Amino acid sequence: MAIYNLKVNGKAVEVDADETTPMLWVLRDHLKLVGTKFGCGVAQCGACTIHVDGTSVRSCSYPIAAADGTEITTIEGLSEKGDHPVQKAWLEHDVPQCGYCQAGQIMSASALLKNNPNPTDQDIDDAMNGNICRCGTYTRIKAAIKTAAGQGDLS
Ligand code: FES
Ligand code: FES
């Protein structure tokens, strides 16, 4: 076990964990932030996507040792009132079905738009390719990303 210092959703936190503990379990078990979901556990589905220093990362396969000193954003910290442009577009397009994959989808989409505010269809396909939805909401996800593109502050 070791002590790690990081910033999660704008708050400094100290976590005592084994160096190999995936960030997914640090978030869910140590910090009680359960918006980030466990899907496959092997970086294949995207359900556990978070931002590490602004880049989207699969938290199930990202050890706490690699996150030491970084800034982490989870779905809980994406916006204060659930009003990030991507979240608003998700509502407008009524994207979720069961909802299980959606936090990860939103985190991938928001990272895409932060780095590329006007993505092409191909850019969207490439960025969202690793986020699997068993309910098949892909068409609405793409429409919502296009709606959110270019709107407001995407930080
Ligand atoms: S749970 Fe992390 S990618 Fe599937
Ligand atoms: S909305 Fe059900 S898995 Fe995507």
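Trp25, Phe38 and Tyr100 come together as a nonpolar patch on the surface of this predicted model, with about 260 Å² of accessible area between them. Patches here are built from residues with over 30% relative accessible area and no salt bridge, joining like charges within 9 Å and nonpolar side chains (Val, Leu, Ile, Met, Phe, Trp, Tyr) within 5 Å. The areas themselves come from the Shrake-Rupley method with a 1.4 Å probe, and for residues only the protein chains shown count as cover. Phenylalanine 38 counts as partly exposed because its relative accessibility is 36%, the cut-offs being under 20% relative accessible area for buried, over 50% for exposed and in between for partly exposed (1.4 Å probe, protein chains only).

As for ground rules, residues are numbered from 1 along each chain as its sequence is written, while chains are lettered from A and ligands numbered from 1 in the order in which they are written. The model being predicted, local features need pLDDT of at least 70 and side-chain atom pairs count only at pLDDT 80 or more, whereas totals for chains, interfaces and linings use all residues; side-chain values use heavy atoms, with hydrogens and water left out.

Next come the helix pairs. The axes of helix 3 (residues 85–92) and helix 4 come within 9 Å and cross at roughly 125°, which means that helix 3 is oblique to helix 4. Axes are lines fitted to C-alpha atoms, for helices over the stretch in contact, and angles run from 0 to 180 degrees between N-to-C directions. Angles under 35 degrees count as roughly parallel, over 145 as roughly antiparallel, 65 to 115 as roughly perpendicular and the rest as oblique. This crossing of helix 3 and helix 4 is right-handed; that label applies if the near helix is turned clockwise from the far one by less than a right angle, and left-handed if anticlockwise. Helix 4 (residues 102–115) and helix 5 (residues 121–128) have axes that come within 10 Å and cross at roughly 135°, so helix 4 is oblique to helix 5. Helix 4 passes helix 5 in a right-handed crossing.

Helix 4 also holds glycine 104, which is buried because its relative accessible area is 0%. From glycine 104 to valine 34 is 70 residues in sequence and 12 Å in space, C-alpha to C-alpha.

Then there are the charges. The whole structure has 3 salt bridges, each being a side-chain nitrogen of Lys or Arg within 4 Å of a carboxyl oxygen of Asp or Glu. Aspartate 121 meets lysine 142 at 3.8 Å, N to O; aspartate 121 belongs to helix 5 and lysine 142 to helix 6 (residues 138–148), so this pair ties together parts that are 21 residues apart in sequence. Aspartate 121 also pairs with lysine 146, at 2.8 Å, N to O, and since lysine 146 lies in helix 6, parts 25 residues apart in sequence are tied together. Between aspartate 125 and lysine 142, the closest N and O atoms are 2.9 Å apart.

Note on methods
Helix = DSSP H or I, 4+ residues; strand = E, 2+ residues; numbered from the N terminus.
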